[in-house]
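Let's take a friendly walk through a protein chain, one stop at a time. Have the sequence and the 3D view ready, and follow along.

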Amino acid sequence: MNIKRSRSSEVSPGQPKIFRRSMMKRAIMRSLVGLMIFLSSWAVSSVMAATIVTLDNGVEVRFKDGQFDAKSFNMRVNSVEFYNDGKLFALADTMRLEVEPHADGKHVIVKDSEMTGFVLPDKGLEFGKVVLRNLMIKDKGNLFAADFDRLADSLMDNAYIGLFDFLVRHDEAIGFDAYVHAVEISPLRLKALPNGDNYYSELGLRGAMDLTRRDDNSQTKSLSQNDMIGYAALQKLNFDKIKLAFDIQHKMSEDGVSLYLESTGNLDIEQQFVSGFNLAMQMPLASFYKMENAAELEGEEAFFALLQSDAALANFSFDIRDRGLLGKVMAIIAEERAQSVDAARAEISLMLDQAMREALPAEGAKLAMAIDHFLRQGGKLRIAMTPDEPLPLISLGGFLIAPDLMVRTSNITTQRLD
């Protein structure tokens, strides 16, 4: 590792002399020019990194001022830049990093890190602030490898990730650009499996962002029919700007026999709606361990493995509170059908009632009643499933064979709340 410090050039004043007036003017001009050169060279040297640290893996860390401990890699620096093979791959206005060696001697632990004005030029991302805590890195050189795609593999128990104030642009002709105020992963707790691996026993994800619709009208002709329908709906709903916030919490616990999962979440879209869910499941602990050992399963294979694991649904509920979206949707439907809004509501309610009675001859009318009240009066709608005993997931296929029986067995209810 090499550390170099640049030196500002020094300017020595010339010896004073007596000139005639014309010579004095020229002397003054030369002095002013010399002073300007000195000031400009000082300004350049103050902007450029004053310290260059070359790591063992070839990565260069350049920073203007601050403190950098070459042995521990702890730092608190300003105007820092990271280069690999001479190419800039990351920079930050400020960076604070606190690390310590792991007990195995092969890894290092990022105890606490905060970067402001953090930029990844190749990825086109600029963050107002990035905060990382409790990450384990294979070696010190990888601290600056910028391999952010593998960040999840580095998380330790009680880790924290916070990304603040950044813009994500949509690449398609029609879509939303997202200005993300915050995305945070916390809490994050790990629990060991018998095979030595870990699983997330507790995981929280929350955030807030502003979505701004960006349309390229010159390319709308190339959209599919379904995309055109969605595009037209967005225009009619005036979804030019959307403010949303979300919060998801997930927790798993064991009692030596079974694994229990509890998940909650909510989504709040300003002036549109607020929705939330609660989910509780359980499965034999041995089945969970078996699934975790086959963690490479994806898609249909993972789904069928879950069905065969004796996993069961303890309860589930979904809530939605209208904050203006329902009225906008009804107004659009009324306009398309040349009806009043009340007439459109009545027609949709009738269609819903008929569909529910056809699908569930014995239970449909009872379930449709609360939905009808919600469509007519707004407020809050709750759909819940609370079986007397945990319902095996594999038995949910019974909804296709005997839906009325499954509604009664799983105790599905609907409720309209003020």
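In strand β6, Ile109 stands opposite Glu100. Before going further, a word on what you are looking at: this is a predicted model, in which local features need pLDDT of at least 70 and side-chain atom pairs count only at pLDDT 80 or more, while totals for chains, interfaces and linings use all residues. Residues are numbered from 1 along each chain as its sequence is written, and side-chain values use heavy atoms, with hydrogens and water left out.

Back to the strands. Helices (H or I, at least four residues) and strands (E, at least two) are DSSP runs, numbered from the N terminus. Strand β5 (residues 87-101) pairs with strand β6 (residues 108-120) in the antiparallel sense, over 9 bridges; two strands pair if DSSP finds at least two bridges between them. Their hairpin has 6 residues between the strands, and Gly105 there takes a positive phi near 75°. On we go to strand β7 (residues 125-137), which pairs with β6 in the antiparallel sense over 10 bridges. Here Thr116 stands opposite Lys129 in β7. This hairpin has 4 residues between its strands, and Gly124 in the turn has a positive phi of about 65°.

Now look for some empty space. Rolling a probe the size of a water molecule over the atoms shows where empty space is left. On a 1 Å grid over the protein atoms alone, a pocket is an open set of points where a 1.4 Å probe fits, with protein on both sides within 12 Å along at least five of seven lines; lining residues have an atom within 4 Å of a point. The second largest pocket is lined by 18 residues, and His250, Met252, Leu259, Phe288 and Glu292 lie nearest its centre. Two or more lining residues come from each of β10 (198-215), β11 (241-254), β12 (258-269), β13 (273-284) and α3 (285-293). Which element gives the most to this lining? That is β10, with 4 residues.

Our last stop is a pair of helices. The axes of α5 (residues 325-336) and α6 (residues 341-359) come within 8 Å and cross at roughly 95°; axes are lines fitted to C-alpha atoms over the stretch in contact, and angles run from 0 to 180 degrees between N-to-C directions. That makes α5 roughly perpendicular to α6, a label for angles of 65 to 115 degrees. Where they meet, with contact meaning heavy atoms within 4.5 Å, α5 brings Leu326, Gly327, Met330, Ala331, Ile333 and Ala334, while α6 brings Val341, Ala344, Arg345 and Ile348.

How values were computed:
Angles under 35 degrees count as roughly parallel, over 145 as roughly antiparallel, 65 to 115 as roughly perpendicular and the rest as oblique.
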